[in-house]
Amino acid sequence: PRFKDRRPKPDVVINPRQSLGERALPFSSGSVKESGGLWSFDVLEIARQWTILDHKLFCDIVLSELLTGIDDGLIKCNWEIARCLDNSKGIRNFVDRFDAESAFIASSIVGINLPENARTTSSSRADLISRIIDLAQFLAELNNFSGMMAVITGLGQAAVRRMKNTWRLIPV
């Protein structure tokens, strides 16, 4: 008790009882919601913070979670074997985060509820999609290819792809 516990506290805590949206945004405090939401922040800063969170989860993956051994001359992946799934906590958390990120992107676009004027809604969604595409580009520049693919997966969701009026407003 003479020395205080100086271990750093994790910034990312995955709670299995959280919804996917809450897992994608562990930093979505009340102040973020009051200030206009996550998309009111600079896109580059969102990409930086996203990369930091993804990096912490990536570092938690242990080599033994990836490979379980060679069987009949073939290397088996640990997370594909049911009995090893409980031991692959790092990979599970990383995959859960990816799924949550892509679901967050899709729900951000689809969830815009503005006045009944469809043109206003389409143009605001187009603006958001443009910011999200910028986010994917920044994530790629930061070498966060997992985050970039999560954004692309979110943009590829059927509910987002069906918004033809919105996609027509996005500059090529």
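Biologist: How many aromatic pairs does the structure hold?

Modeller: The model is a predicted one. A pair of aromatic rings is described by the distance of the centres and the angle of the planes. The structure holds 2 aromatic pairs.

Biologist: Is the pair of Trp39 and Phe104 stacked or edge-to-face?

Modeller: The ring centres of Trp39 and Phe104 are 6.0 Å apart, with 15° between the planes. Planes under 30 degrees apart meet the criterion for stacking. The pair of Trp39 and Phe104 is therefore stacked.

Biologist: How many residues apart in sequence are the parts that this pair ties together?

Modeller: Trp39 lies in the loop between α2 (30-34) and α3 (43-59). Phe104 belongs to helix α5 (residues 89-110), so the pair ties together parts whose separation in sequence is 65 residues.

Biologist: Is Trp39 buried or exposed?

Modeller: The cut-off for burial is under 20% relative accessible area. Trp39 has 15% relative accessibility and therefore counts as buried.

Biologist: Is Met149 buried or partly exposed?

Modeller: Met149 lies in helix α7 (residues 145-155). Burial requires under 20% relative accessible area. Met149 has 39% relative accessibility, and therefore counts as partly exposed.

Conventions:
Residues are numbered from 1 along each chain as its sequence is written. This is a predicted model: local features need pLDDT of at least 70, side-chain atom pairs count only at pLDDT 80 or more; totals for chains, interfaces and linings use all residues. Side-chain values use heavy atoms; hydrogens and water are left out. Rings of Phe, Tyr and Trp (its six-membered ring) pair if their centres lie within 6.5 Å; planes under 30 degrees apart count as stacked, over 60 as edge-to-face and the rest as tilted. Helices (H or I, at least four residues) and strands (E, at least two) are DSSP runs, numbered from the N terminus. Buried means under 20% relative accessible area, exposed over 50%, partly exposed in between (1.4 Å probe, protein chains only).
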